Amino acid sequence: MLLLMTAEQLFAERGIAAVPLRDIGLAAGQKNNGVVQYYFGDRGSLVRDIIAYRAEVSEKLRVDMLAGILARGRPTVSDLVTVFVRPMAVYMEEGNHYIALLSRYIIEHGGYEGLDRSVIPSGTVYTLRGMLSRLLPGTPADVLAERWLVMMTSAIHTLARYQTVMTSGAQLSAPIDDLLDDLVRFLTAGLEAPLA
């Protein structure tokens, strides 16, 4: 666990490709320079293990939120965006570097390549995407897929920015709950926007 959390922090702060694996072991207080490679093999496996570990929390929250929404009736696009955004916000606590790591991953990999269902136990993200196509049947599948990626990416980068501001001691432009509500409204509008 110490190696995972140390790697998460270093990757988030410096960039995933920029951190030598031996630096992770040293920062974790390990004397063996090869300890990270011994336990995780390579950088890609280490990153996937961090993401799989962290994603369990947001997945559980998403399942609970989605069940509650479905119990009340037919969900809206805003509901689906909320089910994605709100569980990601739990990682903004002090000392948690998961959102920043995801933000770095997206930048360095140009998206979510390599983070499929075998890595992230997030069946609800795929479920939300499938539900979205039923709520917006007039939007072509390729446009909806791109908009969904933009929504997820925008949410993650925005949450990483909020966390950076909060960690620095600076003030956000509004209380975090208000910002999250506005972010959901903004991202919902993008998903529902008329076709060009």
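This is a predicted model: local features need pLDDT of at least 70, side-chain atom pairs count only at pLDDT 80 or more; totals for chains, interfaces and linings use all residues.
## Helices from end to end

In what order do the elements of the chain run from the N terminus on? They run α-α-α-α-α-α-α-α-α.

## Overall shape

Let's step back and look at the whole chain. Along its principal axes, the C-alpha trace spans about 55 × 40 × 35 Å. The radius of gyration is 18 Å, which agrees with a compact globule, because a globule of 196 residues would have a value near 16 Å.

Contacts tell you how the chain folds back on itself. Of the contacts with a separation of 6 or more, 72% are between residues 24 or more positions apart.

## Inside the fold

Now for the interior. Of the 196 residues in the chain, 44% are buried. The largest nonpolar core has 61 residues, and those with the most contacts inside it are F11, I24, L46, F84, V85, M88 and L159. Helix α8, covering residues 141–168, gives this core its largest share, with ten residues.

Leaving aside residues up to four places away in sequence, which residues does L159 touch? Its partners are V85, M88, A89, M92, I99, L180 and L183. Two of these partners, V85 and M88, are also on the list of residues with the most contacts inside the core.

Finally, the surface. The chain exposes about 10,200 Å², and carbon and sulfur atoms supply 55% of that area.

The chain carries 18 positive and 21 negative charges, and the mean positions of the two groups are 2 Å apart.

Note on methods. Residues are numbered from 1 along each chain as its sequence is written. Side-chain values use heavy atoms; hydrogens and water are left out. Helices (H or I, at least four residues) and strands (E, at least two) are DSSP runs, numbered from the N terminus. The radius of gyration is taken over C-alpha atoms; the globule rule is 2.2 Å times the number of residues to the power 0.38. Buried means under 20% relative accessible area, exposed over 50%, partly exposed in between (1.4 Å probe, protein chains only). Contact means heavy atoms within 4.5 Å. Accessible areas come from the Shrake-Rupley method with a 1.4 Å probe; for residues, only the protein chains shown count as cover. Lys and Arg count as positive and Asp and Glu as negative; His and the chain ends are not counted. The place of a charge is taken as NZ of Lys, CZ of Arg, CG of Asp or CD of Glu. A nonpolar core is a set of buried Ala, Val, Leu, Ile, Met, Phe, Trp, Tyr and Cys residues joined through side-chain atoms within 4.5 Å.
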